Structure formats: structure tokens, C-alpha cells
Amino acid sequence: MPARATKRTEAAGAAAAGVRRGGRPRAATASAKIYSDLRIELVSLQRRPGEAISEAEIALSYGVSRTPVREAILKLSDEGLLEIFPQSGIFVSRIPMAALPEAIIVRKALEETTARLAAERASSSQIMALHSILERQREANAAEDRDAFHQADEMFHATIAGVAGYPGIWTLIQQVKVHVDRYRRLTLPQQGRIAQAIGEHEAILAAIEAHDPAAAKTAMEFHLERLLSDISATQSINPEFFDERR
């Protein structure tokens, strides 16, 4: 059994019994926890596209019945991260090629707007916060820690939306970019890709710091346009992770 399937906390282990304070069923809490953990594993590619998922193993590792596991799996299936085949089993979905360009275009349009507004509105303290996040990215790159880089990358983009005055835009982006995140994880190991991303972030931040909305919009556009241009090359490296069905 993989390390991720080891025993979780005692609270999760007892999740199938009783209720929490306020009357909330522990099973519901367990389902939410399992959903959250599995979603992280799926988006980060800890569970690879095409990999089989065992309800029984997950239930055992959390010390719960299959009911909360099944609830979490159904929710992840609705998001397109899992595929359920009644006669064959449950599998991690492959990354849908047809969905990537549209999701990237939607994200690009929204983030061009947040970058432009951030350049108009950024305070000195907010610019310092963005510099701090960018430094975390440099440190993660030096340490060859792709997970830490990804987390700092997400924070950089989310913070720009906050500086723009529309943090809800980032929430919307997160809803449409789930498969883009999986695809991006495959680009990070490519030689020099993280350093390129950092350079692109530096250009975005320089434009925001200069309070140049047009330059900030252009820098963000260039940064996210690369995701579109890299799709074919990334697929050719890991073709087994992609689904070309329309």
C-alpha cells in the first residue's frame, strides 16, 4: 500500500461514528476530508492519470466505511478528475486535450484584467508582499522543490487578484483550471521551465510596481500564452496522461 494510504489521524479514523459538536455527522466530515485529500493528490499528479482507485483501500486507511469514500469519489467524478466504470472500477481521468485551450483562454482573459487593475491600485506594502512571494519561488527553485514552487505560484496569482480588488476572480479561475493545473505539473520538470516562469513573474511584478497597467496586462498575457504553446510538446513527452477524445 502506498505511503499516502497509511493511517490518518485518530479523528478521521473515528469518523464513521457519532456526531461532532453542533450535531454535524462525522461521516460528512470524513467525506469532506477524503475529498480534499484525494483532490490534492489528483491535481498534483501524486495519483497519475489512468491509475486505479480502490474504495476499500481508502476506507481502510481512514478507518471509515465506504459510504464517505463513495461520496468523495462521486464529487471528484463530477469534476472530471475520476472516471467510474461500473464493470471495471474507478480510475484517475486522463487530462482532456480538448478542454485545455478553452480553460487557459478563460484564465488568461481574467488574469490580464487583474494584472492591469493591480498595476493601477497596488500599494507599497502590497508590492512588498508580491516581492516576498516571488522570493519564495526563487528559493523553491534553488531547492528543486516543485511542490513549494507551485504553492508560491498559486499565491502570487491569487495575491494579484486581491491587489486588483477582486479576490473572487481567483476563486472563479480555480474552478475552471483544474485540468490546467494537472497539465502544468507536467511542464515543471522540463529543463529551465521554473526559471522561465520566475522570469515571467518578475516582468509582471515590475510592471505592477511601475504602475503601468498596459505593461502588466501584456506581461501576464505572455506568461499564460506559454501554457497554450506548450500543450503539444508536453503531450509528446507524456502521451499516456492525455485524452484526445472530443
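Modeller: A pocket is an open set of points on a 1 Å grid over the protein atoms alone, with protein on both sides within 12 Å along at least five of seven lines; lining residues have an atom within 4 Å of a point. This is a predicted model, where local features need pLDDT of at least 70, side-chain atom pairs count only at pLDDT 80 or more, and totals for chains, interfaces and linings use all residues. Residues are numbered from 1 along each chain as its sequence is written, and side-chain values use heavy atoms, without hydrogens and water.

Biologist: Which residues line the second largest pocket?

Modeller: Its lining is Asn141, Glu144, Arg146, Leu188, Pro189, Gln190, Gln191, Gly192, Arg193, Ile194 and Ala195. Helix α10 (residues 193–209) gives the most, with 3 residues. Helices are DSSP runs of H or I, at least four residues; strands are runs of E, at least two; both are numbered from the N terminus.

Biologist: How much space lies in the largest pocket?

Modeller: A volume is the space filled by probe spheres set on the points, with grid points joined across faces, edges and corners. Here that is about 310 Å³. Of 15 lining residues, the closest to the centre are Arg39, Ile40, Val43, His150 and Asp181. Helices α2 (26–43), α7 (146–164) and α9 (178–187) each give two or more residues to this lining.

Biologist: In what order do the strands of the sheet lie?

Modeller: Two strands pair if DSSP finds at least two bridges between them. The open sheet has 3 strands, in the order β1-β3-β2, with antiparallel pairing. Its edge strands are β1 (52–53) and β2 (82–85). Between β1 and β3 (residues 89–92) there are 2 bridges; Ala52 has Phe91 as its bridge partner in β3.

Technical notes: 1 Å grid on protein atoms, 1.4 Å probe; cavity = no way out; pocket = protein on both sides within 12 Å on 5 of 7 lines; lining within 4 Å.
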